[in-house]
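This briefing walks through one protein chain, from its overall make-up down to single residues. Keep the sequence and the structure in view while reading.

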Amino acid sequence: VQLQASGGGLVQPGGSLRLSCAASGSIVSINAMGWYRQAPGKQRELVRAISSSGRLTYAESVKGRFTISRDNAKNTVYLQMNSLKPEDTAVYYCNMEVKTSVRGTGSYWGQGTQVTVSS
């Protein structure tokens with residue numbers, strides 16, 4: 001299973017970005033999908049996650065600004081980020097709990113995409 005993330009970049013404070021992460025491989029089903037971020041010198045933290053039933057989890061720091069969604073037909077998760085702040089600057093990683101036809105269920109990570117919020 002491979003996860004390919006895209007959509008990062010440089011944006012001014014108050015701007016928006018949309019991240020995408022698509023999974024490929026011998027996928028039977030995907031349970032939870034989520035986005036994490038890691039800023040320099042800090043631990044990786046959960047940003048938002050969505051279960052297969054649609055249950056949402058989020059960090060307080062992004063409440064009301066970031067929205068997560070998933071397209072099960074495309075094995076893809078999205079993160080819409082609005083009202084971006086300099087403190088949102090980090091490398092963003094997608095994560096999925098994937099059931100495969102070969103190895104059972106496991107946790108997989110994307111390669112990370114840089115988001116920089118700066119004027």
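Strands, like helices, are DSSP runs, numbered from the N terminus, and a strand has at least two residues. By that count, Asn75 is found in the loop between β7 (66-71) and β8. The model is a predicted one.

**The chain as a whole**

- The protein chain has 11 strands and 0 helices.
- Its radius of gyration is 14 Å, close to the 14 Å that the globule rule gives for 119 residues, so the chain is as compact as a globular protein of that length.
- Along the principal axes, the C-alpha atoms of the chain fill a box of roughly 45 × 25 × 25 Å.
- Of the 119 residues, 39% count as buried.
- The chain exposes about 6400 Å², and carbon and sulfur atoms supply 45% of that area.
- Among contacts in the chain with a separation of 6 or more, 54% are between residues 24 or more positions apart.

**Pairing around β3**

- Strand β3 (residues 17-24) pairs with strand β1 (residues 2-6) in the antiparallel sense, over 5 bridges.
- In this pairing, Ala23 of β3 stands opposite Leu3.
- Strand β3 also runs antiparallel to strand β8 (residues 76-81), and 6 bridges join them.
- Here Ser20 stands opposite Tyr78 in β8.

**Pairing around β4**

- Strand β4 (residues 27-38) is joined to β9 by 9 bridges, and the two run antiparallel.
- Strand β4 is also joined to β5 by 5 bridges, again in the antiparallel sense.
- Which residues stand opposite Tyr36? Its bridge partner in β9 is Tyr93, and in β5 Leu46 stands opposite Tyr36.
- β4 and β5 form a hairpin with 6 residues between them, and Gly41 in the turn has a positive phi of about 80 degrees.

**Loop residues with positive phi**

- Most residues other than glycine have a negative phi.
- Phi of Asn75 is near 50 degrees, a positive value in a residue other than glycine.
- Is Asn75 buried or partly exposed? Buried means under 20% relative accessible area; Asn75 has 22%, so Asn75 is partly exposed.
- Ser83, in the loop between β8 and β9 (90-100), has a positive phi near 50 degrees.
- Ser83 counts as partly exposed, at 41% relative accessibility.

**Ser52 and its contacts**

- Ser52 has its place in the loop between β5 (45-50) and β6 (56-58).
- Leaving aside neighbours within four places in sequence, Ser52 is in contact with Ile30, Asn31 and Arg70.
- Ser52 and Arg70 are 18 residues apart along the chain, and their C-alpha atoms are separated by 9.0 Å.

**Rings and charges**

- How many aromatic pairs does a search of the whole structure find? The search finds 1 aromatic pair.
- Arg18 lies over the face of Tyr78, at 4.1 Å from the ring centre.
- Tyr78 is also the residue of β8 that stands opposite Ser20.
- The charged end of Arg44 sits over the ring of Trp109, 4.7 Å from the centre of that ring.

Terms used: Residues are numbered from 1 along each chain as its sequence is written. This is a predicted model: local features need pLDDT of at least 70, side-chain atom pairs count only at pLDDT 80 or more; totals for chains, interfaces and linings use all residues. Side-chain values use heavy atoms; hydrogens and water are left out. Rings of Phe, Tyr and Trp (its six-membered ring) pair if their centres lie within 6.5 Å; planes under 30 degrees apart count as stacked, over 60 as edge-to-face and the rest as tilted. A charge sits over a ring if NZ of Lys or CZ of Arg is within 6 Å of the ring centre and within 35 degrees of the ring normal. Two strands pair if DSSP finds at least two bridges between them. Helices (H or I, at least four residues) and strands (E, at least two) are DSSP runs, numbered from the N terminus. Buried means under 20% relative accessible area, exposed over 50%, partly exposed in between (1.4 Å probe, protein chains only). The radius of gyration is taken over C-alpha atoms; the globule rule is 2.2 Å times the number of residues to the power 0.38. Contact means heavy atoms within 4.5 Å. Accessible areas come from the Shrake-Rupley method with a 1.4 Å probe; for residues, only the protein chains shown count as cover.
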